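Open the model in a viewer and keep the sequence alongside. The stops below go from the sheet to the helices and then to a pair of side chains.

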Amino acid sequence: MAAWGPAAAAPLLRGSRGLPLWHCAHRMFASSQTEGELKVTQVLKEKFPRATVIQVTDISGGCGAMYEIKIESEEFKEKRAVQQHQMVNQALKEEIKDMHGLRIFTSVPKC
């Protein structure tokens, strides 16, 4: 049986994107958007130009493994929630390939 040591533990000390876990924990206290958040936000702005709210949050602590998306758009009018979520998934189909999870909250503007 192999001995347990620092070399064996090294893979366990990294997040899903290969970043050290301290990087992920540090991100929880940062106030600016991560590169991943900015990219996802930009894609959603292009795909949903009439959106009145687009909020993207990396809920994996900055590692880019899981995002929460809140989007409010007229494009969702008269569509069921599952159809709205499918629209978001389709818009982010390339970005989703690198994610472990995605929380989507969609709505139609009240006015």
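This is a predicted model: local features need pLDDT of at least 70, side-chain atom pairs count only at pLDDT 80 or more; totals for chains, interfaces and linings use all residues.

Three strands form an open sheet in the order β1-β2-β3, and the pairing is mixed. Select 51–58 for β1 and 101–107 for β3: these strands stand at the edges with a single partner strand each, so one side of each has no neighbour in the sheet. Direction ignored, neighbouring strands here are turned by 10° against each other on average.

Next, select residues 66–73, which make up β2. Strands β2 and β3 run parallel and are joined by 7 bridges. Show E72 as well, and look across to β3, where S107 stands opposite.

Select residues 35–47 for α3, which lies across β1 and β2 and runs at about 155° to β1. Then select residues 81–91 for α4; this helix lies across β2 and β3, at about 125° to β3.

The last stop is a pair of rings. How many aromatic pairs does a search of the whole structure find? It finds 1. Select F48 and F76: their pair is tilted, with 5.3 Å centre to centre and 50° between the planes. F48 sits in the loop between α3 and β1, and F76 in the loop between β2 and α4, so the pair ties together parts that are 28 residues apart in sequence.

Finally, colour these two residues by accessibility. Are they buried or exposed? F48 counts as buried, at 3% relative accessibility. F76 is buried too, with a relative accessible area of 0%.

Key
Residues are numbered from 1 along each chain as its sequence is written. Side-chain values use heavy atoms; hydrogens and water are left out. Two strands pair if DSSP finds at least two bridges between them. Helices (H or I, at least four residues) and strands (E, at least two) are DSSP runs, numbered from the N terminus. Axes are lines fitted to C-alpha atoms, for helices over the stretch in contact, and angles run from 0 to 180 degrees between N-to-C directions. Contact means heavy atoms within 4.5 Å. Rings of Phe, Tyr and Trp (its six-membered ring) pair if their centres lie within 6.5 Å; planes under 30 degrees apart count as stacked, over 60 as edge-to-face and the rest as tilted. Buried means under 20% relative accessible area, exposed over 50%, partly exposed in between (1.4 Å probe, protein chains only).
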